[in-house]
Amino acid sequence: LGAFGLVSQCWLASAPPGNPFEVLSLLNSFGPALAIFLFALISGMMFPRAVSCFARGPGRRGESLGILYAANTLGCILGSIVTGYFLIPALGSGRAAVVLALMNVAAGLVIWGYAVRLTPHHAMRYAVPLVALLATTLAPAAGRGYDVALLRCAAVNLGEDVELCFHREGAVAATTAFRNKSNHLHSTLWVNGVGMTHLGTVTKLMAHLPVMMHGHTEKMLVIC
């Protein structure tokens with residue numbers, strides 16, 4: 001599962017930006033849909049397999065299942081807290097996903113070391129860990145996948161002369177700043193992928209709401 005996540009991150013870096021109003025973008029969306037389906041399928045196969053491996057005996061299946069469900073629930077809670085409040089703010093979504101994928105590969109290799117004797121095919125005993133280790137070599141490229149995809153989307157909307165000068169993700173929002181390479185005064189701010197420095201519904205309300213609430217406005221300061 002971790003190896004598949006690393007490959008998917010690398011694929012993200014080469015995927016073309018999408019537009020829901022274009023037929024070609026809708027056709028390209030089958031690729032991400034297939035990746036999500038395979039990831040969900042593998043994830044769904046892991047838990048029943050873990051239940052069968054963790055069973056302590058014919059008369060203690062209920063106890064084994066309860067312990068496994070408790071550990072899984074605790075892991076989901078701790079994983080959400082650590083990822084949302086620590087990993088993503090510190091590393092960003094792309095690099096946090098790579099760290100989690102590497103942890104998954106490491107855990108899988110440890111478990112495979114214990115269960116390899118149960119594999120009847122000798123070739124599979126070495127092929128599976130070899131493929132997982134080869135996938136870890138994609139970690140540097142996978143860590144840059146999100147930034148590359150973000151810059152490609154900005155180039156479609158803002159022009160090819162744009163460069164990424166700031167990007168930070170927190171527990172509340174993701175803030176991204178772009179600027180024009182030839183004219184640094186032409187900068188753009190995105191918050192959660194929504195432009196904040198162009199004339200649109202959001203920027204219009206920034207000006208109109210304070211005026212409506214105050215009544216007799218002479219000066220106004222808007223802070224993004």
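# Exercises: a sheet and some helix packing

Thr-176 stands opposite Trp-190, a residue of strand E3. Before you start, note that this is a predicted model: local features need pLDDT of at least 70, side-chain atom pairs count only at pLDDT 80 or more, and totals for chains, interfaces and linings use all residues. Residues are numbered from 1 along each chain as its sequence is written, and side-chain values use heavy atoms, with hydrogens and water left out.

Two strands pair if DSSP finds at least two bridges between them.

## Exercise 1: Look around Asn-180

Find which side chain makes a polar contact with the side chain of Asn-180.

*Solution.* 

Step 1. Locate Asn-180: it is in strand E2.

Step 2. Check its side chain, which makes a polar contact with the side chain of Ser-182 at 2.6 Å. A polar contact is a pair of N or O atoms within 3.5 Å; within protein, one must be able to donate a hydrogen and the other to accept it, and residues adjacent in sequence count only if both atoms are side-chain atoms.

Step 3. Look further along the chain. Setting aside neighbours within four places in sequence, Asn-180 is in contact (heavy atoms within 4.5 Å) with Asp-161 and His-186.

## Exercise 2: H5 against H6

Decide how H5 is oriented relative to H6.

*Solution.* 

Step 1. Get the geometry. The axes of H5 (residues 93–115) and H6 (residues 122–136) come within 10 Å and cross at roughly 160°. That makes the two helices, H5 and H6, roughly antiparallel. Axes are lines fitted to C-alpha atoms, for helices over the stretch in contact, and angles run from 0 to 180 degrees between N-to-C directions. Angles under 35 degrees count as roughly parallel, over 145 as roughly antiparallel, 65 to 115 as roughly perpendicular and the rest as oblique.

Step 2. List the contact. H5 brings Leu-102, Val-105, Leu-109 and Trp-112, and H6 residues in it include Met-124, Arg-125 and Val-128.

Step 3. Sort the contact residues of H5 with H6: nine are nonpolar, one polar and one charged. Ala, Val, Leu, Ile, Met, Phe, Trp, Tyr, Cys and Pro count as nonpolar, Asp, Glu, Lys and Arg as charged, and the others, Gly among them, as polar.

## Exercise 3: H4 and its two partners

Describe how H3 and H4 are placed relative to each other.

*Solution.* 

Step 1. Take H3 (residues 30–54) and H4 (residues 61–91): their axes come within 9 Å and cross at roughly 135°. H3 and H4 are therefore oblique to each other.

Step 2. Name the contact. H3 supplies Phe-47, Ala-50, Val-51 and Phe-54, while the H4 side includes Ser-64, Leu-65 and Ile-67. The H3–H4 contact residues divide into eight nonpolar, two polar and no charged.

Step 3. Turn to H4 and H5, which pack at an angle of about 115° with axes 7 Å apart. Among the residues making this contact are Thr-83 and Leu-87 of H4 and Arg-95 and Val-99 of H5.

Step 4. Zoom in on Thr-83, in H4. A polar atom of the Thr-83 side chain lies 2.7 Å from the backbone oxygen of Gly-79. Not counting residues up to four places away in sequence, Thr-83 touches Ile-88, Pro-89 and Leu-100.

Notes. Helices (H or I, at least four residues) and strands (E, at least two) are DSSP runs, numbered from the N terminus.
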